[in-house]
Amino acid sequence: MLDDRTTATAWPAAYPQGYAVVDVETTGLARDDRIVSAAVYRLDAQGNVEDHWYTLVNPERDPGPVWIHGLTSDLLESAPLFPDIAHEFAHRLDGRVLVAHNAIFDWSMIAREYARAERVAPVRQRLCTIALSKELALPLPNHKLESLAAHFGVVQRRAHNALDDARVLAEAFRPSLHTAAERGVRLPLLECRPLTEWSPGPAAPRIGRQASASSYRPGWGGWRPSRKRPPCPYPNPGRYEPDKPLKQGMRVAFSGDTSVERELLEDRAVEAGLHVATSVSRLTSLLVTNDPEAPTSKTVKARSYGTPIVDEAAFTQLLRDVAPAEGSVQDVAAAAE
């Protein structure tokens, strides 16, 4: 392990110059859920703590799983709204790599809050400590935060408290970072794309009405079930071919961050007659991702199957001219003209 006397000369020059270790507690896990508390530990280039910050946030709706995060309606009623803390939060994140445990979740929640406030979070890259622990092949029984903490001898005092979870992660991240530096491991940094277009879902109950435990369904991924899409009425015509239009019925999957809210992109795909797939298989016609080199399960499978891959901008262009399915009403009408 590198120590403080050697890091000055041995530290990899390509590593970031600063980190913001973040944890947010939320009303749930779905796209319309809100942040109820946030904590940031700012670290220097070698993972040393510079300062920390914590705030409650009034989510303007029911607080969600109180039995998990402990934040009741009464506690949150007088808390600031997200727009009130957005500037300070941004100051803490600015110019740093966002570090979180399951970072795509924390980043997605933060990006949506800034989109609601008609602002942009100053985050360009994120690092997931789950991905880093896999890169380092740490002998963990699972990828829970408590297991990572125990591996490095960090004591958790208040699980699901944003401030304590951020502290625990900061303390576990430093030795992880030093181990990576010692081994010459490339950090698993991913691009963060701020939302440029976002659409709110149906209004949730305002804060003041406590959600009951019976309303929570963990398997649904939040406080409301995922929206059920009607089945695609068109047969799958096969894979997308470069320089040709998409065809109705093609199976399209999405992976990673997008500048337009994912659900809006999916809605547009469905409206165009495409089949939105939640995973990649040999039947997938096209994968849409802005980071084709990211080691996600979808990109790895797409490469192994030879599935065509395009970025968000190219897909948006393709959506403008989707060819009708063979034998469709549109084809029959065109043939009659």
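**Entry 1: the second largest pocket**

I began with the lining of the second largest pocket, which by class has eleven nonpolar, nine polar and six charged residues. For these classes, I counted Ala, Val, Leu, Ile, Met, Phe, Trp, Tyr, Cys and Pro as nonpolar, Asp, Glu, Lys and Arg as charged, and the others, Gly among them, as polar. I was working on a predicted model, where local features need pLDDT of at least 70, side-chain atom pairs count only at pLDDT 80 or more, and totals for chains, interfaces and linings use all residues. Residues are numbered from 1 along each chain as its sequence is written, and side-chain values use heavy atoms, with hydrogens and water left out.

The volume of this second largest pocket came out at about 760 Å³. Of its 26 lining residues, I found D23, E25, H101, H160 and D165 closest to the centre. On a 1 Å grid over the protein atoms alone, a pocket is an open set of points with protein on both sides within 12 Å along at least five of seven lines, a cavity is a set where a 1.4 Å probe fits but cannot get out, and lining residues have an atom within 4 Å of a point. Grid points are joined across faces, edges and corners, and a volume is the space filled by probe spheres set on the points.

Which element gives the largest share of this lining? It is strand 1, with five residues. Helix 2 (66-69) and helix 7 (145-151) are among the elements that each supply at least two. I took helices (H or I, at least four residues) and strands (E, at least two) as DSSP runs, numbered from the N terminus.

**Entry 2: the cavity**

My search of the whole structure found one cavity of 30 Å³ or more. Its lining includes Y114, R119 and P194, and divides into seven nonpolar, no polar and one charged residues.

**Entry 3: two helix pairs**

I saw helix 4 (residues 82-93) and helix 5 (residues 103-116) pack at an angle of about 120°, with axes 10 Å apart. Axes are lines fitted to C-alpha atoms, for helices over the stretch in contact, and angles run from 0 to 180 degrees between N-to-C directions. This pair is therefore oblique; angles under 35 degrees count as roughly parallel, over 145 as roughly antiparallel, 65 to 115 as roughly perpendicular and the rest as oblique. F82, A86, F89 and A90 of helix 4 touch I110, E113 and Y114 of helix 5, contact meaning heavy atoms within 4.5 Å.

Helix 9 (residues 262-271) and helix 11 (residues 312-319) pack at about 30°, axes 11 Å apart, which makes them roughly parallel.
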